[in-house]
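Open the model in your viewer and follow the stops below. Each one says what to select and what is there.

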Amino acid sequence: MIVVLLGPPGVGKGTQGMLISKYLHIPLISTGDLLRGEVREQTNLGKIAKSFMDKGELVSDDLIIEMIKKRIRRKDCAEGFILDGFPRTLSQAKSLENMFLRDNLQLDAVLLFDVPEEEIIRRLTGRRVCEKCGAVYHVSYNPPHKEGICDRCGGKLITRDDDNEETVRRRIVVYQDATAPLISFYKKQDRLYTIDGVGKVEEIFERAKNVLKKLNGYN
Ligand code: AMP
């Protein structure tokens with residue numbers, strides 16, 4: 001199954017993506033995580049990407065498309081994959097369609113997570129992520145058992161460089177301008193499923209699962 005997770009930053013795509021990945025036994029591919037990996041390893045791509053990421057701006061389509069092309073052609077994607085943070089522009093969505101055409105693949109569903117803007121800002125400014133495994137926490141809504149330490153792998157929890165209020169607001173504007181047009185793009189293709197992203201993590205996952213079950217006959 002091939003699933004795209006859509007929605008502004010902070011709606012829980014990463015958290016839900018991890019749960020869906022376990023449920024469907026297919027990898028979660030987050031372009032943000034891939035880029036943060038490049039930044040950590042100080043690759044050329046990482047060096048170019050960092051300045052855009054720190055400002056809340058998008059990295060150029062060409063670089064992102066090259067990166068995603070390589071990733072989805074890896075063996076672990078043979079049974080499908082979940083995309084988080086890609087596509088983020090119409091041009092990326094069209095390139096993805098072309099990739100799928102060439103590789104004879106088909107996009108099954110686009111899950112759009114819906115959360116009010118003020119809630120998004122609260123979530124992102126309190127968000128902490130594990131620098132090792134990428135697990136996501138929140139200082140009040142979903143704290144780890146031991147402060148600053150990941151429950152899953154014992155890694156260190158950090159605040160992302162772009163999770164400060166100014167950059168968060170910019171990222172939301174960029175989402176509205178560049179990414180929100182994808183909603184009507186996928187609606188027209190009859191592939192869009194809107195999921196209420198407010199509530200407990202498990203409740204939201206249930207909603208996502210219900211959509212996937214209907215599509216696929218999964219239990
Ligand atoms: P995310 O972790 O998805 O919030 O992404 C963090 C940052 O990485 C974004 O604010 C962008 O600077 C960059 N980024 C991630 N995915 C993309 C993409 N598909 N296109 C352009 N830039 C991206």
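**Stop 1: Leu-28**

Select Leu-28: its relative accessible area is 23%, so it is partly exposed (buried means under 20%, exposed over 50%, partly exposed in between, with a 1.4 Å probe and protein chains only). This is a predicted model: local features need pLDDT of at least 70, side-chain atom pairs count only at pLDDT 80 or more, and totals for chains, interfaces and linings use all residues. Residues are numbered from 1 along each chain as its sequence is written, and side-chain values use heavy atoms, with hydrogens and water left out.

Leu-28 belongs to strand S2, residues 28-30. Helices (H or I, at least four residues) and strands (E, at least two) are DSSP runs, numbered from the N terminus. Now show the contacts of Leu-28, meaning heavy atoms within 4.5 Å. Leaving out residues up to four places away in sequence, Leu-28 touches Leu-5, Gly-14, Gly-17, Met-18, Ser-21, Ile-82 and Asp-84. For a distance check, pick Ile-48, 20 residues from Leu-28 along the chain: their C-alpha atoms are separated by 24 Å.

**Stop 2**

Select S3, residues 81-84.

Two strands pair if DSSP finds at least two bridges between them. S2 runs parallel to S3, joined by three bridges. Here Ile-29 stands opposite Leu-83. S1 (residues 2-6) also pairs with S3 in the parallel sense, over four bridges. Look for Leu-5 opposite Asp-84.

**Stop 3: the open sheet**

Next, select S5, S6 and S7. These three strands form an open sheet in the order S6-S5-S7, with antiparallel pairing. S6 (136-138) and S7 (157-158) stand at the edges; each has a single partner strand, so one side of each has no neighbour in the sheet. S5 (residues 127-130) is joined to S7 by two bridges, and the two run antiparallel.

**Stop 4: helices H2 and H4**

Select H2 (residues 31-40) and H4 (residues 61-72): their axes come within 11 Å and cross at roughly 100°. Axes are lines fitted to C-alpha atoms, for helices over the stretch in contact, and angles run from 0 to 180 degrees between N-to-C directions. H2 and H4 are therefore roughly perpendicular to each other (the class spans 65 to 115 degrees). Show side chains at the contact: Thr-31, Leu-34 and Leu-35 from H2, and Ile-64, Met-67, Ile-68 and Arg-71 from H4.

**Stop 5: aromatic pairs**

Rings of Phe, Tyr and Trp (its six-membered ring) pair if their centres lie within 6.5 Å; planes under 30 degrees apart count as stacked, over 60 as edge-to-face and the rest as tilted. The count by this rule is three aromatic pairs. Select Tyr-23 and Phe-205, an edge-to-face pair at 6.0 Å centre to centre with 90° between the planes. The pair links distant parts of the chain, 182 residues apart: Tyr-23 is in H1 (residues 13-24) and Phe-205 in H9 (residues 201-216). Tyr-23 counts as buried at 15% relative accessibility, and Phe-205 counts as buried at 13%.

Finish at Phe-185 and Tyr-186. Their ring centres are 5.0 Å apart and their planes are at 80°, so this pair is edge-to-face. Are these residues buried or exposed? Phe-185 is buried at 16% relative accessible area, and Tyr-186 is buried at 2%.

Note on methods. Angles under 35 degrees count as roughly parallel, over 145 as roughly antiparallel, 65 to 115 as roughly perpendicular and the rest as oblique.
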